[in-house]
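Subject: Handing over the structure

Dear colleague,

I am passing on the structure below, together with some notes on what was found in it. Please read the notes with the structure open beside them.

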Amino acid sequence: MKRKKNRTTGRKLFVVTAAALLAMTMASMLSGCGNQAAVDIQTESSDGLISVAFSEVGAESDWRVANSESMRTTFTEENGYEFYFEDAKGKQENQITTLRNYILQGVDYIVLAPVVETGWDEVLQEAKDAGIPVIVVDRMVDVEEEDLYTAWVGSDFKEEGDIAVEWLEEYLEEQGRADEEIQILHVMGTLGASSQLGRTEGLEEGVAVHDNWEIVAQLQGEYTQAKTYEVVSEYLAGSTDIDVIYCENDNSALGVIQALDEAGISYGTDGDVILISFDATTVGLTACLKGKINLDVECNPLHGPRVEQIILQIEAGETPQKLTYVDETYFTPDTLTEELIEERGY
Ligand code: AHR
């Protein structure tokens, strides 16, 4: 990794120069002479890059791959950045080591997509002491002092869970099954990740207010197709009495589909089991369009431009909003088309 360069970038220079030009024009209109601040800004170096160092969770899902790609295509040299990327392979200890390396290198910005919420106070304090702003993306960090990170951008995972519960309520009503006993198999994501915590909370709250809904088991699918296939197959070998599978991401849903197919259990719009998923990536939406997944709640991974927006605000001397929630929707087979899936591009 190279030492950080001069922090004025081509992009920043463009932004600042436009502002400076405006300031100079206004100043000369008002007083007929130059503006010192604008002149100072314009004398900064124009060939430096902003170093942005990203610690990514891993490559456990299609969502994650799209997220990494969004960062890579945003923080290019062409756009004025020097980009560092480390895949933590799903381990928080790897992320802590990576962050310490980034701090030692003196990068301009650290971007952290945390595996889990807790256990960040110490290393974030080290980044703060080194004067490096940390932007948290996707999952949250749960820290004692809010100022240990500069800003966060991501999804409202609890809201995603609420959307799924509300949809299920209406769907059962439409099917005339509102008063039936509903057995729910819950496949959880990585334990302790905000996305798991929020989606789980949404489901558990929904079950708590429906006397006829029951969670028959909570399995750990770890957001991967392979792990989910393994745990669901094992479960189905003992019991097949299930009405709904609430699966916390698309790759897990593929593992569920694989296990159900092998067990000879029908699912989706024409089957016995209602399948709910999260993410709305191409793989999930394609299965949804075919009627294999009944509901796919969106979790948008395209955070690169959103993180860049925060960095540009800081570079411009502004204070970014502390928490930014991304607007999201949901998809069902009747609202999907091939064109819509293609347009999304991930
Ligand atoms: O934190 C977002 C979740 O992490 C996505 O739902 C999942 O696919 C990813 O691995």
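An axis here is a line fitted to C-alpha atoms, for helices over the stretch in contact, and angles run from 0 to 180 degrees between N-to-C directions. Please keep in mind throughout that this is a predicted model.

I begin with helix packing. Two packed helices are described by the angle between their axes and the distance between the axes. For helix H4, residues 92-105, and helix H5, residues 121-129, the axes are 10 Å apart and the angle is about 10°. Because angles under 35 degrees count as roughly parallel, H4 is described as roughly parallel to H5. On the H4 side the contact is made by Ile96, Leu99, Arg100 and Ile103, which meet Glu122, Val123, Leu124, Glu126 and Ala127 of H5.

If neighbours within four places in sequence are left aside, Gln92 is in contact with Val115, Val116, Thr118, Gly119 and Trp120.

A second pair is formed by helix H3, residues 62-74, and helix H11, residues 304-315, whose axes come within 8 Å and cross at roughly 45°; that angle makes H3 oblique to H11. Here Ser70, Met71 and Thr74 of H3 meet Gly304, Pro305, Val307 and Glu308 of H11, and the residues of the contact divide into three nonpolar, three polar and one charged.

Next comes the ligand. Which residues surround the ligand? They are Glu60, Ser61, Trp63, Arg64, Asp138, Arg139, Ser195, Arg199, Tyr223, Asn249 and Asp279. Among them, Glu60 has a polar side-chain atom 2.4 Å from an oxygen atom of the ligand, while for Ser195 the distance from a side-chain N or O atom to a ligand oxygen atom is 3.0 Å. Asn249 likewise places a polar side-chain atom 2.9 Å from an oxygen atom of the ligand. The ligand taken alone exposes 280 Å², and the protein buries 100% of that area.

Asp279, one of the residues around the ligand, is also touched by Arg344. Arg344 lies in helix H12, residues 338-344, and, not counting residues up to four places away in sequence, Arg344 touches Ala280, Leu285, Glu298 and Phe331 as well as Asp279. With Glu298 there is a polar contact of 3.4 Å between the two side chains.

Terms used: Residues numbered from 1 in each chain as written. Predicted model: local features only at pLDDT ≥ 70, side-chain atom pairs only at ≥ 80, totals over all residues. Heavy atoms only, no water. Helix = DSSP H or I, 4+ residues; strand = E, 2+ residues; numbered from the N terminus. Parallel < 35°, antiparallel > 145°, perpendicular 65-115°, else oblique. Contact = heavy atoms within 4.5 Å. Near = heavy atom within 4 Å. Polar contact = N/O pair within 3.5 Å; in protein donor to acceptor, adjacent residues only side chain to side chain. Areas by Shrake-Rupley, 256 points an atom, 1.4 Å probe, with all protein chains shown as cover. Nonpolar A, V, L, I, M, F, W, Y, C, P; charged D, E, K, R; others polar.
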